[in-house]
Amino acid sequence: MTAGKFISAIFFIELLKGLSLTLRTLFTRPVTRRYPKEKRPVQPGFRGLHALAKNEEGKMKCVGCGLCGAYCPSQCIYIYTTEGEDHNKVVERYEIEVLRCIYCGFCVEACPFGAITLSEHYEYSDYSRDAFYMTKDKLLSNWDKYFAGEKGKRYFKNFWLPRSDNFTGYESQSVFRRTGSRK
Ligand code: SF4
Ligand code: SF4
């Protein structure tokens, strides 16, 4: 033990420091909020419940490329695709096990089509695990609930990088082409 630490231990310096902090803050306004009566405003770009984005025609933007699932560190995104009539991928199922999600936002960043989003909604406690297993239909309805109108359009412009415009890959690379850009 060094001399400084010894003196500190003898005279309870750390304890006195703690008590002085208590005294200094004793008559200041408490910072505790009476949640759920008092709620803190959600900051822009907050990472809450997931939603699958729709385009202007109201169709799902996801093409089933699987990049979000590949990037997800929790491996909680499950995508099942089949082949459509014109040999395009058809997203049969898109599911997220929300209880395993750590809200890192990698899925949003990885998606070149702006198809997966994290909404501002965070109050979704429930009594059953099934309620936290988000199916494609639930995720699409989350878009209608939390990203209606201009909110959905602003989402990618303001908070998320990289944007489709940041990709400089060949036009022939389907994953990076700009035609599916985020709007
Ligand atoms: S936010 Fe992170 S952990 Fe959650 S689904 Fe997306 S990539 Fe996975
Ligand atoms: S990265 Fe985007 S387009 Fe690809 S599967 Fe995920 S959500 Fe769909």
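## A facing pair in the sheet

Ile-96 stands opposite Met-134 in S5. This is a predicted model, in which local features need pLDDT of at least 70, side-chain atom pairs count only at pLDDT 80 or more, and totals for chains, interfaces and linings use all residues. Residues are numbered from 1 along each chain as its sequence is written.

Strand S3 covers residues 89-97 and runs antiparallel to S5, with two bridges joining them. Strands here are DSSP runs of E with at least two residues, and helices are runs of H or I with at least four, numbered from the N terminus. Two strands pair if DSSP finds at least two bridges between them.

The sheet is open and has three strands in the order S2-S3-S5, with antiparallel pairing. Its edges are S2 (77-83) and S5 (133-134), each pairing on one side only.

## Two ligand shells

Ligand 1 has 13 residues around it. The nearest are Cys-72, Cys-101, Cys-104, Gly-105 and Cys-107. A residue is near a molecule if one of its heavy atoms lies within 4 Å of it. This shell holds 10 nonpolar, three polar and no charged residues. Nonpolar means Ala, Val, Leu, Ile, Met, Phe, Trp, Tyr, Cys and Pro; charged means Asp, Glu, Lys and Arg; the others, Gly among them, are polar.

Ligand 2 is also surrounded by 13 residues. Cys-62, Cys-65, Gly-66, Cys-68 and Cys-111 are the closest. By class, its shell has 11 nonpolar, two polar and no charged residues.

## A proline in a loop

Pro-44 sits in the loop between helix H2 (13-25) and strand S1 (50-52). Pro-44 counts as exposed because its relative accessibility is 55%, and exposed means over 50% (1.4 Å probe, protein chains only). Pro-44 and Ser-119 are 75 residues apart in sequence. In space, their C-alpha atoms are 9.9 Å apart.

Methods
Chains lettered and ligands numbered in written order. Heavy atoms only, no water. Buried < 20%, exposed > 50% of the residue type's maximum accessible area, 1.4 Å probe, protein only.
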